[in-house]
Amino acid sequence: MKPFNVGMIGYGWAAGAHIDAINATSRAQVTAVYSSRPQDSNDLTAKHGSRITAYQNLDQMLDDPDLHAVSVASYPNLHADQVVKAVRCGQASHHRKAARPKLR
């Protein structure tokens, strides 16, 4: 298992490239995708080669205690609010930071 689990915010044309690039590393895999459109977890898993849970609610994805990072591939006008929400979620979850892998 790779040490970092990444959540993808947005699932448009750019997200596929983000997911494939992240999954190609030895350090991380995408394990969650948030999209405003319905997505099927099994279809995402088959397409990208890692077990991916689909969310249609960003707050629910960000509440996943197994996520270590997010990649933002949503519409540009949504980036700021989504990044702030992700940061706030991480800051509010200090107990999770201790369990996260350390970067070298």
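The side chains of Lys85 and Asp59 meet in a salt bridge, with 3.2 Å from N to O. A salt bridge here is a side-chain nitrogen of Lys or Arg within 4 Å of a carboxyl oxygen of Asp or Glu. Lys85 lies in helix 4 (residues 79-91) and Asp59 in helix 3 (residues 58-62), so the pair ties together parts that are 26 residues apart in sequence. The structure holds one salt bridge. Side chains of opposite charge can pair when their charged atoms come close.

How exposed are the partners? Lys85 is partly exposed, at 35% relative accessibility. Asp59 is partly exposed too, with a relative accessible area of 39%. Buried means under 20% relative accessible area, exposed over 50%, and partly exposed in between (1.4 Å probe, protein chains only).

## The model and its confidence

This is a predicted model: local features need pLDDT of at least 70, side-chain atom pairs count only at pLDDT 80 or more, and totals for chains, interfaces and linings use all residues. Residues are numbered from 1 along each chain as its sequence is written, and side-chain values use heavy atoms, with hydrogens and water left out.

The pLDDT is the predictor's confidence in each residue, from 0 to 100. The protein chain averages 85, and 86% of the residues score at least 70. Confidence is highest in strand 3, at 98, and lowest in helix 5 (residues 94-97), at a mean of 40. Over residues 91-100 the pLDDT is below 50; beyond near neighbours in sequence, this stretch has nine contacts in the model. A contact means heavy atoms within 4.5 Å.

Helices (H or I, at least four residues) and strands (E, at least two) are DSSP runs, numbered from the N terminus.

## Helix 2, one face in and one face out

Helix 2 covers residues 41-48, and its buried residues are Ser41, Leu44, Thr45 and His48. Seen down the helix axis, they fall within an arc of 100°, so they line one face of the helix. That arc is taken from the directions from the helix axis to the C-beta atoms. The buried residues pack against helix 1 (13-23), strand 2 (28-34) and strand 3 (53-55). The face turned away from the buried side carries the exposed residues Asn42, Asp43, Ala46 and Lys47.

Both ends have their own detail. At the start of helix 2, a side-chain oxygen of Asp40 reaches to within 3.0 Å of the backbone nitrogen of Asn42. Just after the helix, Gly49 takes a positive phi of about 80°.

Asp20 and His48 are 28 residues apart in sequence, yet 6.5 Å apart from C-alpha to C-alpha. Asp20 is found in helix 1. Asp20 is partly exposed, at 41% relative accessibility.

Six of the six residues of strand 1 (residues 4-9) are buried, so the strand is largely enclosed by the rest of the structure. Phe4, Val6 and Met8 point one way, while Asn5, Gly7 and Ile9 point the other. In a regular strand the side chains alternate between the two faces of the sheet. Strands 1 and 2 run parallel, joined by six bridges. Two strands pair if DSSP finds at least two bridges between them. Met8 stands opposite Val33 in strand 2.

## Gln29

Gln29 has its place in strand 2. Gln29 is buried, with a relative accessible area of 10%. Its side chain makes a polar contact with the side chain of Asn5, at 2.4 Å. A polar atom of the Gln29 side chain also lies 3.4 Å from the backbone nitrogen of Lys2. A polar contact is a pair of N or O atoms within 3.5 Å; within protein, one must be able to donate a hydrogen and the other to accept it, and residues adjacent in sequence count only if both atoms are side-chain atoms.
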